[in-house]
Structures are given as structure tokens and as C-alpha cells.
Amino acid sequence: MARSALTMTAATFATTAALLLTACGGEDSSPDDIKGAETGKNSSSPSASASGAADVDRPDVSLPEDLKLVFDFEKPSDTEQAAALEDAANYIRALDHGIAQQDPNDPAYQFYSTGGAEKYAKSQIEAWVKDGWTVTGDDRYFDASIDPVGEGKSVLVSFCRNQAKFYSKKVKTGKVNYTEENLDSYQKFSLLMSPSEASAAVWQARQIEVQGRVKECKG
């Protein structure tokens, strides 16, 4: 990982409501279980408390002390949209947790995702682990929007990212690869979120698109 960025290339992503709803249909979450839930802990973490689901055993998404994720989001007044936005953030936390743990099979991202979004998270973690890198620095997410999709409960959560102070670090040596801020520092994420079949209190990312060099996020 020569740059500070997670090497996120845009995934195949439906752009119309009809296609998004098709992507939601028949996903692989079992109604009897949420993958990753059996290792849940750290109930005082943001992921456990912010969604107001005390009865859900959520996995640990804690991060190393040298890594800080900032989600500068305005909380929606609608409780379901607020839960979807928070678990979209938890998906990002879980992805970084998997990289920090150097575990492509980390249960955290499996808990907060399914389908294409789950495959995407695993591929990202695998790439970092294979190249011997982990993550450090500050990573900021902002300007969130939430749009209903079709007639169901699915929503499209989008937000900007500034990764100018987010760096890669060699696992073996601890050497940090510092980079200068430029247009590559700004990305836009779009996540198709819907309630888990196992628990309506948990929202899972089903599809993801990451756009790079987004001028509108730079401002």
C-alpha cells in the first residue's frame, strides 16, 4: 500500500432503485443468526450503544490507539435512518478493525455486512495483510445523506471521506508511509443498507461503491 488510501476501487453497484432492490433480494443472511455475533463484546463501544440495541450482542470494533476514525455526521431525527447511518459507520470501523487485526475472516465486518459489501471488505483486508501493511492516523467521514430505496426499508447511505491524514504502516517495522494531501485524499462512499434478517436492530451493508478523486468532497 504505497498511498495513505485504502485501495478501494469502485465495486459493481446498482444505480437505480429497481436494481438496488434486486440486489437486496435473497441475500445470504440467515434468519437464525448474524455472522460475527457469537464473538460480540465491548458493549460500551460506539457500535454497541449508538444504535440503542442493548439486546444485541455486537462484535468488538475497537481500534489501535494510533488510529482515529471521525464520523462528522448529523444524526437523523428518524430512528431507522439514524440506525442505518450508525451501522454504516460501524461497517467502516469493522473494516479497519479487520486490517488492524490482520484477519481477513474477522467477525466484525461479517456482522455488519453481507453480499457484495461483505466480499468487498474481505478483499480489502486480504490485500492489506498480503502486502504486510496496517493502518494509522486520522480518517474523517462527513456530509452524510440518506435516501429511501423503493418501498421497503432499505436506504442508500452516502458520505464523503478525507483520508489526508490516514496512512499505511508496515506491520513488521512500524514504518509509516506519509503522503501529502491531494485530490486522491477525497472519496465518496455509497452503501446500500437494510435491516438484518436476524435482528431489525442491526443494519447491514449489502452493496458498496467507492468513488475516488471526488472534487465535491474537497469543497
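The structure holds eight salt bridges (a side-chain nitrogen of Lys or Arg within 4 Å of a carboxyl oxygen of Asp or Glu). This is a predicted model, in which local features need pLDDT of at least 70 and side-chain atom pairs count only at pLDDT 80 or more, while totals for chains, interfaces and linings use all residues. Residues are numbered from 1 along each chain as its sequence is written, and side-chain values use heavy atoms, with hydrogens and water left out.

**View A. Arg58 pairs with Asp87.** Here the side chains of Arg58 and Asp87 form a salt bridge, 2.9 Å from N to O. Arg58 sits in the loop between helix H2 (46-49) and E1, and Asp87 in helix H3, so the bridge ties together parts 29 residues apart in sequence. Helices (H or I, at least four residues) and strands (E, at least two) are DSSP runs, numbered from the N terminus. Arg58 is buried at 2% relative accessible area, and Asp87 is buried at 0%. Buried means under 20% relative accessible area, exposed over 50%, and partly exposed in between (1.4 Å probe, protein chains only).

**View B. Lys153 pairs with Glu80.** This salt bridge spans 3.2 Å, N to O. Lys153 belongs to the loop between E2 and E3 and Glu80 to helix H3, so parts 73 residues apart in sequence are tied together. Lys153 is partly exposed, at 47% relative accessibility, and Glu80 is also partly exposed, at 35%.

**View C. Glu86 pairs with Arg93.** Their side chains meet in a salt bridge of 3.0 Å, N to O. Glu86 counts as buried at 15% relative accessibility, as does Arg93 at 13%.

**View E. Around Met193.** Which residues does Met193 touch, not counting those up to four places away in sequence? Its contacts (heavy atoms within 4.5 Å) include Ala84, Asp87, Lys153, Val157 and Trp203.
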